[in-house]
Amino acid sequence: MNNKTRQIIVVVSVFVIALASLGTIIGLLVNTGNMSEYSNGFRYQASGSRITITGYEGDDEEVVVPDKIKGKRVVGIDKDAFEEKSSVVKSIKFNCTSSAFTIAEEAFAELAALERVVLPKNIKEVANGAFKGCKALKTVIVPNSVTKIGANAFKDCAQLKFMYHTDDYSTEGDNAIEEDGIFLPTSLLEIGERAFEACTTIVDMSMKKDLEKIGDYAFYGCTRLSELTVEENSEVTSIGEWAFYNTLLNSPKPTDSRKNPMLFPNLVTIGASAFKNVKNNFVYFSIPKSVKTIGDAAFAESSNLTTVDMAEDIQLESMGEGVFENCSQLTDITLPTGLKEIPAKTFKGCYRLLYNSDFVIGKSVEKIGDGAFAIYTGRGSSTSVTSYSRHIITVDPENEYFTTVRLEDNKREGNETSTYQQGLLTDADGTTVYAYYGSYDANSTNSLGKTFRLLDTEGNFLTDVTTIKPYAFAGVDFEYIQLNNSIKNIGEYVFFGSKVVICYMSAERFEFDGKSFDRVVEPKDNDDIEALSDRIEVGLLATSSAVDEMMEKFREFDIVAAQYNASKLP
């Protein structure tokens, strides 16, 4: 046998072996279901006796997914299975009965024509993003086996209007569900993050007792959601961050028997901004004793919120900053006696709460954050001080960390018989000023003239004060202020929202930063910046040896400073 013959034999042998191997591989692929097959418009993969639908090529507007294909059980739908028929399919109904049935993430996402879905009876979860972006979707029937709505499941479904709960899953016969809406089961335990975000037409939702968790951003941007009916003894323990932001929730007081007060008696966690900027009739909220955590800005800017009922024996462990910031209608709240901290900006902008009644610092409070009581009548506002006189802040006698210092009473110019009490909230030793209280407008005078000074009831300067905390003089109506030469540190936005024009100081060295003398924080479009300039001028008194040095320091921060003679103060 020559070499050429040997080469031919070797090539033929290799080819035969390759064909045999390929046949084995093809057989394995077919047997394990890794090759796609086709039946009645459905593409699918088979794995043993189970089938997963991978695509749809039919032309039916109303699609019915069968329980079996070629005798094998349908157990799942792959991602984007109906993508190719996005503009065709209007209705999908499942006749599947497998207890192992699953829908992949984003299985029906962005189907432009889809209007109605009836999910299979034994499904346990609506997958993440399952119907995201189905902008025509009006009706979804979720069976009483589902315990979780996944993240982004119905995000941007802009035609969903109503959310109901039902035990009756009937889709046929006399009791068949025919009206539009998403029908959630009583078995539901969790609504995932962003599940209904930007469902801008949802107006009504009922929440069954067994629901336990509402995820972050769950109803974020549902700008028409107004009616939320919460079943009595609700099991909800967690409401996530931004969950109901910018909605129109209707939450009247329990005394109004005609409406639902929206109570969550087992609530443990309220996420940051969970109820921020809720409008309409959101006037009441009950914070039960089970709550342990309230996140930053949880109720901030909910402009109609008037009453917060906080349980006296609450188990609160932490409360974030600005929880009630800019709740301008808030008038009724009682903090529990065991509360140890009032965080920064807690009541910033709550002028009805702090202008119209006395406020008590409880016996257990150990820490007060910056701007916790920063209130103002409105930037550039012409509101008279007689309408918004800041009432007294008091401290429980048993509190060891804070006190109030009474200042010299002031008088209205031209009306010497009218006097107004005023004072400072300070730390226990009187060295750190947290907030000013009282009434002192531009027409008031004290024993030294029209310039506001830190004078005690005998007319003497408070020489113990060394630190002015941020926002301490927020919203004051006086135009001139002199700070004592004992001051060593001045915080940010000390005169926020005030009418102060000049702050006079002896030029002893003290610490401040570029925002210490700013009066406006992130101005909004409707702020009258001309009526309330961004910064106030600093008047350095000529008697000090450090004037030049301090003038240079102010120039570094672009703060206007000028030298004044102490004898010529207003």
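Q: In what order do the strands of the open sheet of 3 strands lie, and what is their pairing?

A: In general, strands of a sheet pair through backbone hydrogen bonds, in either a parallel or an antiparallel manner. In this predicted model, the open sheet runs in the order β21-β23-β25, and its pairing is parallel.

Q: Which are the edge strands?

A: An edge strand pairs on one side only; here β21 (284-287) and β25 (332-333) are the edge strands.

Q: Over how many bridges do β21 and β23 pair?

A: The pairing of β21 with β23 (residues 307-310) extends over 4 bridges in the parallel sense.

Q: Let us proceed to charged side chains. How many salt bridges does a search of the whole structure find?

A: The search finds 19 salt bridges. One of them joins R73 to D67, with the closest N and O atoms 2.5 Å apart; this lies inside the 4 Å cut-off for a salt bridge.

Q: Is D67 buried or exposed?

A: Burial is judged by relative accessible area, with under 20% taken as buried. D67 has 17% relative accessibility and therefore counts as buried.

Q: How far apart are N and O in the salt bridge between R194 and E197?

A: The side chains of R194 and E197 meet at 2.8 Å, N to O. E197 is buried, with a relative accessible area of 10%, whereas R194 is partly exposed at 25%.

Q: Which parts of the chain does the pair of K85 and D59 link?

A: K85 forms a salt bridge with D59, and their closest N and O atoms are 3.1 Å apart. The pair links distant parts of the chain, 26 residues apart: K85 is in the loop between β6 (72-77) and β7 (91-94), and D59 is in the loop between β3 (50-56) and β4 (62-65).

Q: Why is K85 classed as buried, and how is D59 classed?

A: K85 counts as buried because its relative accessibility is 17%, which is under the 20% limit. D59, by contrast, is exposed, with a relative accessible area of 59%.

Q: Which residues are linked in a network of salt bridges?

A: A network of salt bridges links R43, E57 and E84.

Note on methods:
Residues are numbered from 1 along each chain as its sequence is written. This is a predicted model: local features need pLDDT of at least 70, side-chain atom pairs count only at pLDDT 80 or more; totals for chains, interfaces and linings use all residues. Side-chain values use heavy atoms; hydrogens and water are left out. Helices (H or I, at least four residues) and strands (E, at least two) are DSSP runs, numbered from the N terminus. Buried means under 20% relative accessible area, exposed over 50%, partly exposed in between (1.4 Å probe, protein chains only). Two strands pair if DSSP finds at least two bridges between them.
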